Amino acid sequence: MALCAKKRPPEEERRARANDREYNEKFQYASNCIKTSKYNILTFLPVNLFEQFQEVANTYFLFLLILQLIPQISSLSWFTTIVPLVLVLTITAVKDATDDYFRHKSDNQVNNRQSQVLINGTLQQEQWMNVCVGDIIKLENNQFVAADLLLLSSSEPHGLCYIETAELDGETNMKVRQAIPVTSELGDISKLAKFDGEVICEPPNNKLDKFSGTLYWKENKFPLSNQNMLLRGCVLRNTEWCFGLVIFAGPDTKLMQNSGRTKFKRTSIDRLMNTLVLWIFGFLACMGVILAIGNAIWEHEVGTHFQVYLPWDEAVDSAFFSGFLSFWSYIIILNTVVPISLYVSVEVIRLGHSYFINWDKKMFCMKKRTPAEARTTTLNEELGQVEYIFSDKTGTLTQNIMVFNKCSINGHSYGDVFDVLGQKAELGERPEPIDFSFNPLADKKFLFWDPSLLESVKIGNPHTHEFFRLLSLCHTVMSEEKNEGELYYKAQSPDEGALVTAARNFGFVFRSRTPKTITVHEMGTAITYQLLAILDFNNIRKRMSVIVRNPEGKIRLYCKGADTILLDRLHHSNQELLNTTTDHLNEYAGEGLRTLVLAYKDLDEEYYEEWAERRLRASLAQDSREDRLASVYEEVESDMMLLGATAIEDKLQQGVPETIALLTLANIKIWVLTGDKQETAVNIGYSCKMLTDDMTEVFIVTGHTVLEVREELRKAREKMMDSSRTVGNGFTYQEKLCSSRLTSVLEAVAGEYALVINGHSLAHALEADMELEFLETACACKAVICCRVTPLQKAQVVELVKKYKKAVTLAIGDGANDVSMIKTAHIGVGISGQEGIQAVLASDYSFSQFKFLQRLLLVHGRWSYLRMCKFLCYFFYKNFAFTMVHFWFGFFCGFSAQTVYDQYFITLYNIVYTSLPVLAMGVFDQDVPEQRSMEYPKLYEPGQLNLLFNKREFFICIAQGIYTSVLMFFIPYGVFAEATRDDGTQLADYQSFAVTVATSLVIVVSMQIGLDTGYWTAINHFFIWGSLAVYFAILFAMHSKGLFDMFPNQFRFVGNAQNTLAQPTVWLTIVLTTVVCIMPVVAFRFLKLNLKPDLSDTVRYTQLVRKKQKAQHRCMRRVGRTGSRRSGYAFSHQEGFGELIMSGKNMRLSSLALSSFTARSSSSWIESLRRKKSDSASSPSGGADKPLKG
C-alpha cells in the first residue's frame, strides 16, 4: 500500500509532546494523510504497464510482437499479435483505473474531513490530512476519530467516553474508554493549551487490543493502556465531547497498520495450468527447432537451385542462418497454442461464477437480510475439490445466542424440572416458566423453568445471593436506560449478556457504572460498590475478576472463568464442594452446555494496599508489562472460595446435522476446532451427527505429557488395525506395521472412528517429532474434534494437513479467534454472526448460516470445477487443432514459415470466432441440475480426485487437437491435389485452400463445443451459431469489392470466398472433414456411456427414467375409469412396470444406492483412484511428501 509518508527507519519507541509541533517534527513522524491509491495521472500508464508486463504471458506476447517487427523473421503482420495484446492490456488497465479512481475518491473524502485542533490556545478547523502527532483534538458526538488518540478528558464524569468500533473489528456494541484521573480535569481549553505532558510508548503496530505507554507530566509517571486510547476509525457515541492527544497519525494508526495485503491464494488448477503452459512453450520450441532444421536442409539441398528467381534476403548468407531465422518465424506463427485470451477468459468465467454465488437466493438469509458473498474470484473451482473442512463450533455450528439454562450453587443443581413421578420433564412437557413479576426491572424475554432457584433467592439464601451478586458485578457490560426501568445491556460477548440478564431477573439488577463504582439493585435496594480493580479476561488467563469494596468497607474479589483454570486456584477447604460441582459440570457439559465456574476471595485492607502498589509498579514497567501484570494477577487469584457454576445453552443452527451428514457422504472430512471443554464439544458432535452411536469407537486423547499422548495415539492406531484384521479386509496386522505407506493403509481400515483431543494434548501432538503420528491417526478417522484449542493451534492444525496431505482445505468460522485459521486454509469462509465481522473480512467467501456451506460446495463449487475443466480441455483442443495445421503445412512449403490461414483469420480466431461459445460453456454449463447435486453428494468425488482436468486429460485434449489438425490439413490437401472447378480449371490455389481449411476448422470446433455442452441455454445457442454466422459474414466482407476499393493493398483477393464456397467439391470436403473429425468422438462417448458410465451419467439416466414414468402416469390418469374404484388398483399399471421396479431403475436412489448401483462402472474406479492418490500422497518424495511413520 502506498502511503503519503516516506519510508522511515523502524521506531523503537514513540515520543509525543503535547502542543509542541517543533519538538515532534524532529522525529519525522508520518502525517495524518493517507493514500491507498496506487497511481496518478502521470504515473498510471508507465506503472500499470510495468505491473502488467510482470505477468509472464504478457511479456511473452510483447516479445513476439517485437519479433514480428523484424522483416526478415515475420511472415505475419504485427497486428495479429498487437490486437489481442492491446485488448487484454486495455481491459486490465480500465479495471485497474476504475478501482484506483474509487480509492482516490475515498482518500480525498477521508483526508478532507474537518476536525477541531487546538493551535495557539484556540480551536481551529483543520483537514484531517493536516493533523500532526502531538496535536490536541476536540471530538464531538457521532464524529469519527481522526487519529489514534490518548483520551485526555470528556464531557462525562470521571473522563469516561463511549465508542463504537465497527470499522475496526465489526462489533456494533458500545465500548467504554476512560481518561487517566490526572488529565480528566482538563476540560477547559485554557488548561489544555498549557498541557505539556510527554507520552513515551510502543512503536506503531497492528495490535488492536493492546497499548503500552507512560505519560510524563509534572515530574510524575502515569501508566497508559488500551483503555485510555481512542483509535482511528472509531465513532464517538453518547458523549457530548472529548479531547485527545494524537499519538499515531495516518499510516502509523492501528487501522492502517491492519490494512496489509492479504496473502494471494492460487488454486491447484492455476498451478497445473502454469506447469502445462511451460510444457507447451517447450513443445513450441521443439516444433520450431524441427521446422528450422527442415528449413536449413531444404535451403541447402533445394533452395540453392532457385536463387535466380527466389533469392535469399540480403541479411541471409547461408542455409544455417536461414534456418535460424525460420526458427523465430515459426515461434511467431505457432504461438497461438497458448493464446493470450486464455488468461482473460479464465478471469471472466471466474467472475461469472462469483456473481452466481452472490445472486443465489437460496443462500440469502431473510432474517439478517444477508446475502452470500464471494469476496475473491480466484478460488471458485477449488470449492469443488475440498477434502477437509475445519470448523469453529460457537457461532458457526451453533447460533451464538446464549441462554442461561442451569446453574450449580453450593453443591445444589438448579434448572431441571421434574414431573410428579420424579422424572425429568422434557421441554415440550414443562409447565409455564416461572413468574418474575415481583421484579419490575426483569427482562420479559428471559425464561427459566425451575421455581426452586427463585424460592432460594426469595428466602435469602446467602450462597444464592452471593452467586447472583457475583454475576451482577463481575463483567464489563455497559447499561443504557432509555426510559425509567427500561434497561438495555451492551455486552462484549453473548455469554456475559446472558449471565448479567439472569442476575437481573433473579433480583440482582446491574443498573449503572462509573470508572470507580458499580450500582446494583439487590432485591429492590440500590447498593453502590466501589470498583477497585478489573482483572480483565484474555485467551491466556481464561478468567476475569473484579475487586470491589461494599458499603460496609469489606473488600472482596469476585472471579469467573473456565473450570480447567479456576478449579486449580481454589482453597483446599473446598474439596467436598469441588467434587459435587465437578459432577454437575460434567453433567452440564454432557448436555452440550457452556460452563463457567464462579469463586470469591476476601481481602484485608493492608494486603490490598500492598498488592495495589505492586500492580501500579507493574503497569508502569516499560518492558514485559503484560507478563508482570499477569504475575501480579496470578498471585491474588489464588486460594479462592468456590461459589458454584453456570451452564449456558448455545443452540445448534438450523440445518447443521443435515449439512454435516451430506458433506460426509461427499467424502469430506470435518474437523471441529473449538475452545470449549471436551464434554461440551463431544455432545455437540453427537447433536450435529458428526459422532454417531454406530461408530466403531471414539478415541479420546487427554494425555498431559509427550509420552502419554504418543501412547494414546499408538493405541488408537493399533485398535483400528486390529479391527481391520478381524474383519479380514485383505491386510494382515504385520503387513500394516511394515508398510511404508502407513497413512493410506490406515485410511483404508474397516469401520468408522472418531478422534477427540484436548488442547494440552494437542500442543504435544503438534510438536515436530509427533505431528506425523497425530496426522495419520486423525486422517484415518471419520471425524476429529479438537477441544480447548487456541487460535494459534487452529492455524497449526490446518497447516499440518496442508503440509502433508495433497488435499484442499477449507476453514469456516465467525469470530476474531478464527481469523488465523481462515487465512491459513486454501479456502476461508466467514460466518456473519454475533461476533463482529473480523472473520468475514479475512475470508474468501461469506454467508450467515453454516447450512449454506453444502450449497456452496456441492452446487457452486462442483459446477465451477466442472465448468473450468471443460473450458480448459476445449480451449487447448481448439488451439492445437488451429495451430498444428501450420506445422504440417511447413513440410509442403519448403519450411518457409508461410501461414495456411489468412492473417485476419489468425487475428480473429481466438477473440471473435471461438471466444464466446467457450465462455458460455464455462459460465453456464451443468452436468446435472442443482437438486441432483445435493441429492447425490457422491458426484462431488471426481473434483477431490482431480479427475476432470489433469495431466492425463490435458494430453488427451492435445492428442485430439493434433488428430483434428492432421485431418484438417491432409483431407483438403488430398482433395485439392486432384480436384477441378465446375468449368474444368484447377481448383487448387493458396487462397481457396486457406478458405476451405479455415471454414472446416470453425465448423468442426463449433460442432465439438456443441457435443461438450451439457446444458443448453439461449445464450449457448446464440453464441455458437452466432459465431458461425459472424465468421461467414466477416469472410465474405473481407473478400468483397467494397473493402478492396478502400484498402487495395490489404484485401487483394476479391471474390475468392464466394467463388470457393460456390464449388460443391469444397462443401463435400468440408463435410467429410467434419464427419471424420467428429464421429470418433461421438462413437467413443457412446461406448463409454454404455460400457463405463460416470456417476453423473447414471444420475442423468435415472432422471430421464423418472420423466418417462411421469409422462406414462399422466397418460394413464387421462384414460383411467371414473366409475367403481374397487378394482382401480388392478388396472392402474401397464405392462413392464414390474420389471422396471425389480430392476430398480425407477427408484429414487440415494447416494449410497447409486454408488452401489454403479459399483461396476464408477465407484470401483473412483475408489481405486482414491487409493492411488493416497499412495502417492504418502510416498517418499522428500520435503512435505515424506512417508508418515508409525
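Predicted model: local features only at pLDDT ≥ 70, side-chain atom pairs only at ≥ 80, totals over all residues.

Student: How many helices and strands does the protein have?

Tutor: The protein has 43 helices and 33 strands. Residues are numbered from 1 along each chain as its sequence is written, and side-chain values use heavy atoms, leaving out hydrogens and water.

Student: What makes Asp100 buried?

Tutor: Buried means under 20% relative accessible area, exposed means over 50%, and partly exposed is in between (1.4 Å probe, protein chains only). Asp100 has 3% relative accessibility, so Asp100 counts as buried. Arg103 comes in at 27%, so Arg103 is called partly exposed. Over the whole protein, buried residues make up 54% of the 1190 residues.

Student: Why is the pair Arg103 and Asp100 called a salt bridge?

Tutor: The rule asks for a side-chain nitrogen of Lys or Arg within 4 Å of a carboxyl oxygen of Asp or Glu. The closest N and O atoms of Arg103 and Asp100 are 3.2 Å apart, so the pair qualifies. Both residues sit in helix 4 (residues 79–111), 3 residues apart, about one turn of the helix. By this rule the count comes to 55 salt bridges.

Student: Which parts does the salt bridge between Arg569 and Glu634 tie together?

Tutor: For Arg569 and Glu634, the closest N and O atoms are 2.5 Å apart. Arg569 lies in the loop between helix 15 (563–566) and helix 16 (575–590), and Glu634 is in helix 18 (residues 625–636), so this pair ties together parts 65 residues apart in sequence. Arg569 is buried at 17% relative accessible area, while Glu634, at 37%, is partly exposed. There is also a network: salt bridges that share partners join Glu466, Arg469, Glu522, Lys554, Arg556 and Asp602.

Student: How do you know that helix 11 and helix 29 are roughly antiparallel?

Tutor: Look at the angle between axes, which are lines fitted to C-alpha atoms, for helices over the stretch in contact, with angles from 0 to 180 degrees between N-to-C directions. Under 35 degrees is roughly parallel, over 145 roughly antiparallel, 65 to 115 roughly perpendicular, and the rest oblique. The axes of helix 11 (residues 341–359) and helix 29 (residues 852–890) come within 11 Å and cross at roughly 160°, so the two helices are roughly antiparallel.

Student: Which residues of helix 11 and helix 29 meet?

Tutor: Contact means heavy atoms within 4.5 Å. Among them are Ile349 and Phe356 in helix 11, and Phe871 and Leu872 in helix 29. The residues of this contact divide into 11 nonpolar, 5 polar and 2 charged. Here Ala, Val, Leu, Ile, Met, Phe, Trp, Tyr, Cys and Pro are nonpolar, Asp, Glu, Lys and Arg are charged, and the others, Gly among them, are polar.

Methods:
Helix = DSSP H or I, 4+ residues; strand = E, 2+ residues; numbered from the N terminus.
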